[in-house]
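The sequence and the structure are shown first.

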Amino acid sequence: MIRNVVVGTVKDGVTTEQIEQALAAIRGMQVPGVELDVHTGVDLGLREGNANFAITVDVADEAAYQAYDADDEHNRIRRELFAPISASIQRIQIRL
C-alpha cells in the first residue's frame, strides 16, 4: 500500500472556508479503477508554525498512485482550488 501525504500552507488572507472547499473536492474525488482512502484536515492551531492543511491518500500500489496523480479531475482541483490559495505544498509517498 502507498500513502501519499500532502502538507500545505496558504497565502495571507485565505479563509478556512476556502481551504475546506478545496479539501472537500479532494475527499469527493473518484478515479476510475482506483480505490482511494482519503483523509483531510485543517490545522487545529495547537502549535505555532504548523502548516495550514494536510491530506493523506492511501492507494493499493504504485500504479494506483500514478493513476491518481495523473487524473484529470485531480489536476483540475490542484490547478483551480489549491494553486490560488497555497503558498507552499510538500508531498511524500511512503510504503505502508
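Which elements cover the buried residues of helix 2? The model is predicted, and in it the cover includes strand 1, strand 3, helix 3 and strand 4. The residues concerned are Ala64, Tyr65 and Tyr68, which are buried in helix 2. Viewed down the axis of helix 2, these buried residues fall within an arc of 100 degrees, so they line one face of the helix. The other side of helix 2 carries Ala63, Gln66 and Ala70, which are exposed.

**Helix 3**

Helix 3 can be described in the same terms. His74, Ile77, Leu81 and Phe82 are its buried residues. They cover an arc of only 75 degrees around the axis, which puts them on the same side of helix 3. Helix 1, strand 3, helix 2 and strand 4 are the elements against which the buried residues of helix 3 pack. On the face turned away from this buried side, helix 3 carries the exposed residues Asp72 and Arg79.

In soluble globular proteins, nonpolar side chains tend to be buried together. The largest nonpolar core of this model has 24 residues, and among these Leu36, Ile55, Val59 and Phe82 touch the most other members. Two or more core residues come from each of strand 1 (2–10), helix 1 (16–27), strand 3 (53–59), helix 2 (62–70) and helix 3 (72–82). Helix 1 gives the largest share, five residues.

When its neighbours within four places in sequence are left aside, Ile55 is in contact with Asn4, Val5, Val6, Leu23, Ile26, His39, Thr40 and Phe82.

Phe53 lies in strand 3. Its relative accessibility is 2%, and Phe53 therefore counts as buried. Phe53 and Val14 are 39 residues apart in sequence, while their C-alpha atoms are 12 Å apart in space.

**Salt bridges**

How many salt bridges does the model contain? The count comes to six.

| Pair | N to O distance |
|---|---|
| Arg3 and Asp58 | 2.7 Å |
| Glu62 and Arg95 | 2.5 Å |
| Arg76 and Glu80 | 2.9 Å |

Asp58 forms a salt bridge with Arg3. Asp58 belongs to strand 3 and Arg3 to strand 1, so this pair ties together parts that are 55 residues apart in sequence. Asp58 is buried, with a relative accessible area of 6%, whereas Arg3 is partly exposed at 29%. Not counting residues up to four places away in sequence, Arg3 touches Thr56, Val57, Asp58, Ile92, Gln93, Ile94 and Leu96. By contrast, the C-alpha atoms of Arg3 and Glu17 are separated by 26 Å, although these residues are 14 residues apart along the chain.

Glu62 and Arg95 also meet in a salt bridge through their side chains. Glu62 lies in helix 2 and Arg95 in strand 4, so the pair ties together parts that are 33 residues apart in sequence. Glu62 is partly exposed at 38% relative accessibility, and Arg95 is exposed, with a relative accessible area of 57%.

The pair of Arg76 and Glu80 lies within helix 3, where the two residues are four residues apart and therefore separated by about one helical turn. Arg76 counts as partly exposed at 26% relative accessibility, and Glu80 is partly exposed with a relative accessible area of 44%. Both residues belong to a network of salt bridges that links Glu73, Arg76, Arg79 and Glu80.

**A nonpolar surface patch**

Definitions and conventions: Residues are numbered from 1 along each chain as its sequence is written. This is a predicted model: local features need pLDDT of at least 70, side-chain atom pairs count only at pLDDT 80 or more; totals for chains, interfaces and linings use all residues. Side-chain values use heavy atoms; hydrogens and water are left out. A nonpolar core is a set of buried Ala, Val, Leu, Ile, Met, Phe, Trp, Tyr and Cys residues joined through side-chain atoms within 4.5 Å. Buried means under 20% relative accessible area, exposed over 50%, partly exposed in between (1.4 Å probe, protein chains only). Contact means heavy atoms within 4.5 Å. The arc is that of the directions from the helix axis to the C-beta atoms. A salt bridge is a side-chain nitrogen of Lys or Arg within 4 Å of a carboxyl oxygen of Asp or Glu.
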